[in-house]
Amino acid sequence: MAKIKKKIKTITIDADKCNGCRACEIICSTFHATPQYSSINPARARIQVISHRLKNIWLPVFAGEHAPAECMGRDKYLIDGKEYEECSFCRASCPSRDFFKEPDSGLPLKCDMCESDPPLTKPKCVEKCLNNVLTYEEREEEVEEEVRLEDVEIGVESMIDKYGLQQVMDTVSRISMSKKG
Ligand code: SF4
Ligand code: SF4
């Protein structure tokens with residue numbers, strides 16, 4: 001199978017520097033609002049800060065893949081004397097908690113690294129975090145060509161965020177009809 005260059009984007013989290021200001025949640029929710037910047041609702045953010053004031057825990061977590069069922073096994077972490085709740089490090093939207101679900105529709109949310117046209121130099125949450133908790137990096141890797149399906153998925157999700165699911169479905173249906181005809 002043919003190899004292609006793929007851009008890998010990563011955000012490294014230095015949780016010890018996080019003070020729980022939640023600027024990352026605010027900017028993510030407004031950047032992805034429709035129309036863009038028209039509203040602020042941290043419940044719509046694709047990053048959530050897990051917090052526990054008494055334990056001094058502030059842990060930014062990015063929304064990952066959707067999990068349709070609750071998992072059977074859960075992990076507890078003890079790091080530097082801080083005990084984290086079982087689901088603290090999990091990136092999935094799943095039935096056992098309200099994180100990473102669009103509040104009106106209940107549809108899962110996933111971080112898209114602020115994909116936009118023209119592209120941003122860095123994701124919005126990274127730009128707005130004044131404590132340098134989040135560090136953005138890009139690198140290139142050689143991958144099998146079929147991995148590009150992930151890019152298609154992210155592209156479609158961005159279109160749905162921007163124009164709404166119904167409009168995207170109507171457009172796909174119209175294009176497929178014109179291809180047949
Ligand atoms: S903007 Fe930075 S310091 Fe504030 S909550 Fe988010 S990660 Fe933590
Ligand atoms: S990278 Fe963009 S989409 Fe992902 S959490 Fe940060 S602001 Fe939201």
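For my shell tallies, Ala, Val, Leu, Ile, Met, Phe, Trp, Tyr, Cys and Pro count as nonpolar, Asp, Glu, Lys and Arg as charged, and the others, Gly among them, as polar. I'm working from a predicted model.

**Ligand 1**

I counted the shell around ligand 1 by those classes and got 8 nonpolar, 3 polar and 1 charged residues. Reading off the names, I found Cys18, Asn19, Gly20, Cys21, Arg22, Ala23 and Cys24 among them. The list also includes Val49, Pro60, Cys129, Asn131 and Val133. Then I looked up where ligand 1 sits, and that is the largest cavity.

**Ligand 2**

Next I checked ligand 2, which sits in the second largest cavity. Its shell splits into 9 nonpolar, 1 polar and 2 charged residues. Around ligand 2 I noted Ile11, Cys28, His32, Arg46, Ile47 and Phe62, plus Cys111, Asp112, Met113, Cys114, Pro123 and Cys125.

**Helix α1**

How many of the 9 residues of helix α1 are buried? I get 7 of them, in a helix that runs over residues 23–31, so α1 is largely enclosed by the rest of the structure. The buried ones are Cys24, Glu25, Ile27, Cys28, Ser29, Thr30 and Phe31. I went looking for what covers them, and the cover includes β2 (47–52) and α2 (124–128).

I followed up on Leu134. Skipping its neighbours within four places in sequence, I see Leu134 in contact with Ile11, Thr12, Ile13, Ile47, Phe62, Cys125, Val126 and Cys129.

**Lys82**

Last stop was Lys82, which I found in strand β5 (residues 82–84). What does Lys82 contact, leaving aside neighbours within four places in sequence? I noted Asp16, Lys55, Asn56, Ile57 and Tyr77. For the Lys55 pair I looked up the spacing: Lys82 and Lys55 are 27 residues apart in sequence and 6.4 Å apart in space, C-alpha to C-alpha.

Definitions and conventions
Residues are numbered from 1 along each chain as its sequence is written. Chains are lettered from A and ligands numbered from 1 in the order in which they are written. This is a predicted model: local features need pLDDT of at least 70, side-chain atom pairs count only at pLDDT 80 or more; totals for chains, interfaces and linings use all residues. Side-chain values use heavy atoms; hydrogens and water are left out. Buried means under 20% relative accessible area, exposed over 50%, partly exposed in between (1.4 Å probe, protein chains only). Helices (H or I, at least four residues) and strands (E, at least two) are DSSP runs, numbered from the N terminus. Contact means heavy atoms within 4.5 Å. A residue is near a molecule or strand if one of its heavy atoms lies within 4 Å of it. On a 1 Å grid over the protein atoms alone, a cavity is a set of points where a 1.4 Å probe fits but cannot get out, and a pocket is an open set with protein on both sides within 12 Å along at least five of seven lines; lining residues have an atom within 4 Å of a point. A molecule sits in a cavity or pocket if more than half of its atoms lie within 2 Å of its grid points.
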